[in-house]
Amino acid sequence: AYLASHRLGIPSLHLLESHLGLVAVATIFTIVFVALFVWKGVPNISEAIAMQLPEEIIAEAGEGSLEVLDAFWLEPSKLSEQKKIDLNDLFSPYLIDSDVSEIAFRRGIGPNALALPDGMVVFTDELVLLAENDNELIAILFHEIGHLQRRHFLRRVMQDSLATVVLAMVFGDIEIASMV
């Protein structure tokens, strides 16, 4: 009753909700806004947060990463110990002043290399065997160092988390947001 007597020229909520054109415009606006926010806003926010995180938090986030990968996807390397030593010797001049804490070797996921948040870089046996020369492996190492410097792993985790939260707020259900 109070709102009806003090409208101040603002249309009633019922009038707005019952106007199909306004509902359509609001729906389209909401979809576009949420899509743009998830597409552009979430990555930018995630990058800003990831680049500001203290090293202690990054170390904690990466702690145990290799153990999880070993438990589910990776297997011990079958490269000879000498080959591993040779590769570490090859890489060592390029690791000075880098974020790399250790080079590890595993197998089981095909030719690949991974940069983990704690600074470990994992090369798979399949990748080492596929490389035609040392320069290819050095280039891959530089690529992984770039992932560490730009904190891509952390950014991705934050992006996925933020996107899930935003979609949960839109849909009102965390399970639907996770599926999307």
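Is Phe72 buried or exposed? Phe72 has a relative accessible area of 63% and is therefore exposed (buried is under 20%, exposed over 50%, partly exposed in between; 1.4 Å probe, protein chains only). The model is predicted, with local features requiring pLDDT of at least 70 and side-chain atom pairs pLDDT 80 or more, while totals for chains, interfaces and linings use all residues. Residues are numbered from 1 along each chain as its sequence is written, and side-chain values use heavy atoms, without hydrogens and water.

The structure holds 6 aromatic pairs (ring centres of Phe, Tyr and Trp, the latter by its six-membered ring, within 6.5 Å; planes under 30 degrees apart are stacked, over 60 edge-to-face, the rest tilted). One of them is the tilted pair of Phe72 and Trp73, at 5.8 Å centre to centre and 50° between the planes. Trp73, at 53% relative accessibility, is also exposed. The pair of Tyr94 and Phe142 is edge-to-face, because the planes stand at 85°, with centres 5.4 Å apart. Tyr94 is partly exposed at 33%, as is Phe142 at 43%. Ring pairs also join Phe29, Phe33 and Phe37 into a cluster.

Arg106 lies in strand 2 (residues 102-107) (strands are DSSP runs of E, at least two residues, numbered from the N terminus). With 17% relative accessibility, Arg106 is buried. The side chains of Arg106 and Asp70 form a polar contact of 2.9 Å (N or O atoms within 3.5 Å; within protein, one able to donate a hydrogen and the other to accept it, with residues adjacent in sequence counted only if both atoms are side-chain atoms).

Definitions and conventions
Helices (H or I, at least four residues) and strands (E, at least two) are DSSP runs, numbered from the N terminus.
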